[in-house]
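Please look at the structure before reading on.

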Amino acid sequence: MADVVVITGGSRGIGAACARLAARAGKAVCLSYATNRAAAEAVVADIEAAGGTAGAVKCDVADNNQVVALFEAADAMGAAHGGAVSGLINNAGVIDLRARVDEMSPERLERIMRVNILGSFFCAREAVSRMSTRRGGKGGTIVNLSSAAAKLGAAGQYVDYAASKGAIDTFTRGLALETAEEGIRVNGVRPGIIDTDIHASGGEPDRARKLRGVVPMKREGSAEEVAEAVLWLMSDAASYVTGATIDVTGGR
Ligand code: NAP
């Protein structure tokens with residue numbers, strides 16, 4: 001028997017590291033990807049080769065219907081393994097090219113807000129409706145990926161992205177309080193400068209290395225270092241922790 005953890009954006013970077021660690025912790029992993037099927041299948045193959053259980057589902061988290069289908073796939077995975085959905089890692093997130101607010105197009109703003117904010121709400125709604133004891137569920141945990149940018153503001157880079165992560169911090173707090181009596185713990189992680197592909201998607205593949213100097217620890221972090229914090233928050237070791245957001249930033 002294995003309970004299912006849904007991990008959005010589990011094909012690469014921090015999500016993929018979370019998927020591997022969750023599988024090692026004995027969870028069946030239902031990971032989603034947006035377009036990169038090969039990367040998602042490689043993570044699934046890694047987990048299965050290590051004796052774990054995983055499946056990959058294509059899902060744009062900005063699309064409500066696709067999120068509903070993702071959780072139906074997670075239910076089917078749970079049924080196949082004698083478990084149910086007991087966790088969600090709201091990890092999928094996007095940035096855009098460096099720009100000032102007065103240069104941002106409506107399309108850009110809509111994409112950032114839809115993926116980063118609405119996507120997290122859609123997924124949390126599906127998770128809570130399954131896990132809440134108020135609705136007959138057995139409880140569970142949610143971890144939302146925020147960003148150090150939520151505190152720093154990211155002026156001249158991507159204030160839109162930073163603001164979307166500020167919304168995630170408030171979302172974490174509010175959802176935690178709303179579900180605290182229903183067996184659900186909700187927490188967040190604010191990564192700093194982490195070595196993943198996200199910087200290339202913002203047009204600056206070398207960003208993590210270039211910014212080492214601004215980090216008190218004088219280095220970028222790894223996806224695995226972020227995943228360790230996420231999986232701790234998901235674990236019973238954090239059984240009295242809810243509504244918290246942990247900085248994983250090397251002190252920044
Ligand atoms: P990444 O390497 O760019 O990976 C992004 C993941 O999200 C991929 O699996 C991608 O799928 C998926 N994705 C993208 N758009 C999606 C959509 N519309 N719907 C569903 N999935 C989507 O990102 P990362 O660096 O690991 O970041 C993970 C999270 O940490 C994000 O929320 C990010 O904001 C946050 N974070 C990262 C850093 C950092 O320095 N890396 C710092 C602070 C916060 P495909 O593989 O199919 O494209």
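## A bridge in the sheet

Cys30 has Gly55 as its bridge partner in β3. The model is predicted: local features need pLDDT of at least 70, side-chain atom pairs count only at pLDDT 80 or more, and totals for chains, interfaces and linings use all residues. Residues are numbered from 1 along each chain as its sequence is written, and side-chain values use heavy atoms, leaving out hydrogens and water.

Strand β2 (residues 28-33) and β3 run parallel, joined by 6 bridges. Two strands pair if DSSP finds at least two bridges between them. Strands (E, at least two residues) and helices (H or I, at least four) are DSSP runs, numbered from the N terminus.

## The whole sheet

The sheet is open and has 7 strands. Their order is β3-β2-β1-β4-β5-β6-β7, with parallel pairing. From one strand to the next, the twist averages 20°.

Helix α2 (residues 37-49) lies across β2 and β3. The helix runs at about 170° to β3. Axes are lines fitted to C-alpha atoms, for helices over the stretch in contact; angles run from 0 to 180 degrees between N-to-C directions.

## α1 against α2

Helix α1 (residues 13-24) and α2 have axes that come within 10 Å and cross at roughly 20°. The two helices are therefore roughly parallel to each other. α1 passes α2 in a right-handed crossing. Right-handed means that the near helix is turned clockwise from the far one by less than a right angle; anticlockwise is left-handed.

Ala16, Ala19, Arg20 and Ala23 of α1 meet Val43, Asp46 and Ile47 of α2. Contact means heavy atoms within 4.5 Å. By class, this contact has 5 nonpolar, no polar and 2 charged residues. Ala, Val, Leu, Ile, Met, Phe, Trp, Tyr, Cys and Pro count as nonpolar, Asp, Glu, Lys and Arg as charged, and the others, Gly among them, as polar.

## α4 and its partners

How do α4 and α6 lie relative to each other? They are roughly parallel. The axes of α4 (residues 106-131) and α6 (residues 159-179) come within 9 Å and cross at roughly 15°. The crossing is right-handed. Residues of α4 in this contact include Leu109, Ile112, Met113, Phe121 and Val128. On the α6 side, Tyr161, Ile168, Phe171 and Leu175 are among them. The contact of α4 with α6 has 12 nonpolar, 4 polar and 3 charged residues.

Helix α3 (residues 64-80) also meets α4. Their axes come within 9 Å and cross at roughly 35°. This crossing is right-handed. Asn64, Val67, Val68, Phe71, Glu72 and Asp75 in α3 face Phe122, Cys123, Arg125, Glu126, Ala127 and Arg130 in α4 as contacts. They divide into 6 nonpolar, 1 polar and 5 charged residues.

## Overall dimensions

The protein has 9 helices and 7 strands. Its radius of gyration is 17 Å, close to the 18 Å that the globule rule gives for 252 residues, so the protein is as compact as a globular protein of that length. The radius is taken over C-alpha atoms, and the rule is 2.2 Å times the number of residues to the power 0.38. The C-alpha trace spans about 50 × 40 × 35 Å along its principal axes.

Definitions and conventions
Parallel < 35°, antiparallel > 145°, perpendicular 65-115°, else oblique.
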